[in-house]
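Hello,

Here is the structure I promised to pass on. My notes follow below it.

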Amino acid sequence: MAFGNSNRIRPRSVRRSLSLAACAAFFTPVLLTQPPGPSSFDTPESREQGRSLFQTHCAYCHGARGEGGRGVDLTTGVYRHGGSDAELYATIRNGIPGTEMPTVRATNDEVWKMVSFVKSIGAGGVVESAPGDRVAGKAVYDGKGKCAACHSIGAEGGILGPNLAGVGRRRNLAYLRESLVTPEADVPVLYRAIQVMPKTGPPVRGIRLNEDDLSIQLRDSQNNLRSFFKEELKEIRRDKPSLMPAYGDVLNAQELENLVAYLSSLRETL
Ligand code: HEC
Ligand code: HEC
């Protein structure tokens, strides 16, 4: 109803065409040869400002030099979501829905400065190459590691841990090694585990699904949904956030390296 009276709102069509223009500029960059804005930010000064903005907003995921970690390696110069100025702008401005890549709290000019910096580190980098043997790594994954009990690659496998399709593109080698040896180091919010200690009965560990003042729900390691009233509980522990076992003692150094090589080769999101 608020927008119903269209003949009274003459500026509406103007507003609409303005916002269409904005959409055209940022969401259908293919149509534009010269996106507005960026060239004036392709200066050494803007790049330096872009570098310090990057340290504040991006480095904790993409690494101080853009080498990757929790976020993808930005030094290869190859971008899945497009490498034109307008595409990089849209990626950084809006984030990538459905992934950990967030929107950024910065002005449009600041985003252009970061585009300028990202382009400068993306020139001529190389994809890290893992020293291990990925075929041997796949055998560890399927055999001794029993990884498929909790992980899928695409459709097949367990669901307690994240789907590992594309993990080699999302995470760098150091991050993958750390995931296997010290899983607690970085646990995505969706996979934070807790442990509830009932007043009677054994403790239950699982992923917290929901919680309010009176009750808490979790999914245990057998994928069962469990619900508890808080008054039934002695304690809720949050100090061991990962359900992933540490593999440093289970697998030897060579097996770990091979596994990292296999994980790093998983680049397609299925
Ligand atoms: C919370 C972690 C996180 C933060 C903070 C973050 N990113 Fe990302 N970023 C990611 C992840 C994860 C991806 C990969 C998404 C996917 O495609 O699966 C990504 C993807 C990207 C891509 C696309 C790469 C491609 O191949 O197309 C660019 C460019 C990028 N980030 C730049 C930035 C910039 C610049 C900032 C700071 C303003 C930033 N990111 C902040 C996690 C992050
Ligand atoms: C008992 C279940 C379980 C088993 C078995 C298991 N994982 Fe995990 N894994 C998880 C959970 C839960 C997470 C998410 C929490 C975290 O990051 O620690 C995870 C996270 C990961 C990550 C990080 C993924 C990302 O995108 O952040 C990698 C890589 C990984 N596991 C690889 C493996 C490999 C390889 C094996 C076999 C050697 C394995 N896991 C065995 C439960 C498991």
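How are α6 and α9 oriented to each other? First, the ground rules: this is a predicted model, where local features need pLDDT of at least 70 and side-chain atom pairs count only at pLDDT 80 or more, while totals for chains, interfaces and linings use all residues. Residues are numbered from 1 along each chain as its sequence is written, and chains are lettered from A and ligands numbered from 1 in the order in which they are written.

Now the helices (DSSP runs of H or I, at least four residues; strands are E runs of at least two, and both are numbered from the N terminus). α6 (residues 134-142) packs on α9 (residues 253-264) at about 100 degrees, the axes being 7 Å apart; axes are lines fitted to C-alpha atoms over the stretch in contact, and angles run from 0 to 180 degrees between N-to-C directions. The two helices are therefore roughly perpendicular, a label for angles of 65 to 115 degrees.

There is also an open sheet of 5 strands, ordered β6-β5-β4-β3-β7 with antiparallel pairing (to pair, two strands need at least two DSSP bridges). Its edge strands are β6 (225-229) and β7 (233-237), each pairing on one side only. Within the sheet, β4 (residues 204-211) and β5 (residues 215-220) share 5 bridges, and asparagine 210 has glutamine 217 in β5 as its bridge partner.

Finally, ligand 1 has 24 residues around it, of which Cys58, Cys61, Gly71, His81 and Met101 come nearest; a residue is near if its C-beta atom, placed from the backbone, lies within 6 Å. α4 gives the most to this shell, with 3 residues.

Best wishes

Notes. Angles under 35 degrees count as roughly parallel, over 145 as roughly antiparallel, 65 to 115 as roughly perpendicular and the rest as oblique.
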